[in-house]
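This report describes selected features of one structure, section by section. Please consult the sequence and the structure shown below while reading.

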Amino acid sequence: MTDACFLYLNHLLLNLSGISSGKLATDRQLIWFHGCITESLRCFFIFKRQNYTFYSIQTMTKARQNVAFSEQSGDNSKEMTIFAVQIKNISVSIQTYNAMPSSSFPSDVHSIYYLDTDLMPLREHPYHFRCGFYLVCTQGRALVSTGVQQYVFDEQTELIFLTGSLLEVLDTTPDFHARALFFPQEVFLKAILPIDTPYFNYTHEHPCYRHTPDERSQKTWREMLLWMDMARMLFAENQSTFQPQHEHNFLQSLLMWLFNTIPDKQAATGILYNRKQQLCHRFMQLVREHSSQEHLVPFYATRLCITPRYLYEATTQYLDGKSPKRLIDEQLVAETKVLLNNPTLSITGIAAQLNFADQSCLSRFFKKQTGLSPKEYREQRI
């Protein structure tokens, strides 16, 4: 068994059996638990690189109950089989895990996929989603981060990133629940073709929307839940013979419906943005998309057709007094941390991936921003 698998198994065992976090599991416990996995959970606990299975608070509660009963009864194999069936019936399932790609779970998908989730994997391990995703909160509250920006994600709130984004969960309430739709870029690019650019840009610049109590907004919320119901029916489990057609037609129709709601959302907020505020929204969109490769302010000023000085005036006025360079650096630090969380990547490789001249340049930048070298940060996370 690899060191990573051993550490994860030991951590999981401590959670399941209620052992204090400061006490390592005994050899007998590890042998017993590993045997149970081999016999009863062979298809469930699958270790693929750095991939982790979705699990929920409800799952862990049931697990503790069953392991405690198992230890008392002495019939471990039987109780772990029951435990496996119960897990399969909760939000984490074999289909959920295997439907995601084997590389960089869950940062990309090869087909549209629907998921009911508590986003717990993102609490410890932030990801940069390469696919587009659409999240709606149906219960509870979470604080999520895209690196330099944070959003309160609570009941009746939508969060959509059409071309992907870094995402980390900073905090959640115990009852938090969300519905998620992931879609690959190839399907999105085909579906978006007949849709006007202004709608696309608005969603890029305003990824978070909270529904209001008025009837118009509540009607939109109910309709959105119907779209999620349809997504679950079409994409949560087995793929059909007409899967490519289903994906294209569903996503294109969803996007058309979604963009058709934008005028009502604008009217509901009653907010009119001036030119500098609009530039700030567009700038943050560009930072999310390009900060891993473009580290200097002139690139963004050129894309916005303004001078770096004017961009500085806008961000310091409307983005908490932060300069464009500071915002770029904060996003770049977040992107670096995501990659450092993957121990299969070398620091030299990460430096190249993030467009640094060499490893020493990355190390100087990262230590200046965080007070830790990349190696020290990685060792803290283990």
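## Aromatic pairs

Phe 250 is buried, at 4% relative accessibility; buried means under 20% relative accessible area, exposed over 50%, and partly exposed in between (1.4 Å probe, protein chains only). Trp 227 is likewise buried, with a relative accessible area of 18%. The model is a predicted one, in which local features need pLDDT of at least 70 and side-chain atom pairs count only at pLDDT 80 or more, while totals for chains, interfaces and linings use all residues. Residues are numbered from 1 along each chain as its sequence is written, and side-chain values use heavy atoms, with hydrogens and water left out.

The structure holds 12 aromatic pairs. Rings of Phe, Tyr and Trp (its six-membered ring) pair if their centres lie within 6.5 Å; planes under 30 degrees apart count as stacked, over 60 as edge-to-face and the rest as tilted. The ring centres of Trp 227 and Phe 250 are 5.7 Å apart and the planes stand at 65°, so this pair is edge-to-face. Because Trp 227 belongs to helix α9 (residues 215-235) and Phe 250 to helix α10 (residues 243-260), the pair ties together parts that are 23 residues apart in sequence. Helices (H or I, at least four residues) and strands (E, at least two) are DSSP runs, numbered from the N terminus. Phe 356 and Phe 365 form a tilted pair, 5.5 Å centre to centre with 40° between the planes, and both residues are buried.

Ring pairs link Phe 129, Phe 133, Phe 161 and Phe 182 into a cluster. Two of these residues, Phe 129 and Phe 133, are also touched by Ser 165, as are Tyr 127, His 128, Thr 146 and Arg 288, not counting residues up to four places away in sequence; contact means heavy atoms within 4.5 Å. Ser 165 is found in strand β7 (residues 165-172) and is buried, with a relative accessible area of 1%.

## Helices

Helix α15 (residues 324-340) has 17 residues and reaches 24 Å from its first C-alpha to its last. That span is close to the 24 Å expected at 1.5 Å a residue, where the expected span is 1.5 Å times one less than the number of residues. Since 13 of its 17 residues are buried, α15 is largely enclosed by the rest of the structure.

## Cysteines

A search of the whole structure finds zero disulfides, a disulfide being a pair of cysteine sulfur atoms within 2.5 Å. Cys 137 is buried, at 0% relative accessible area, whereas Cys 208 is partly exposed, at 24% relative accessibility.
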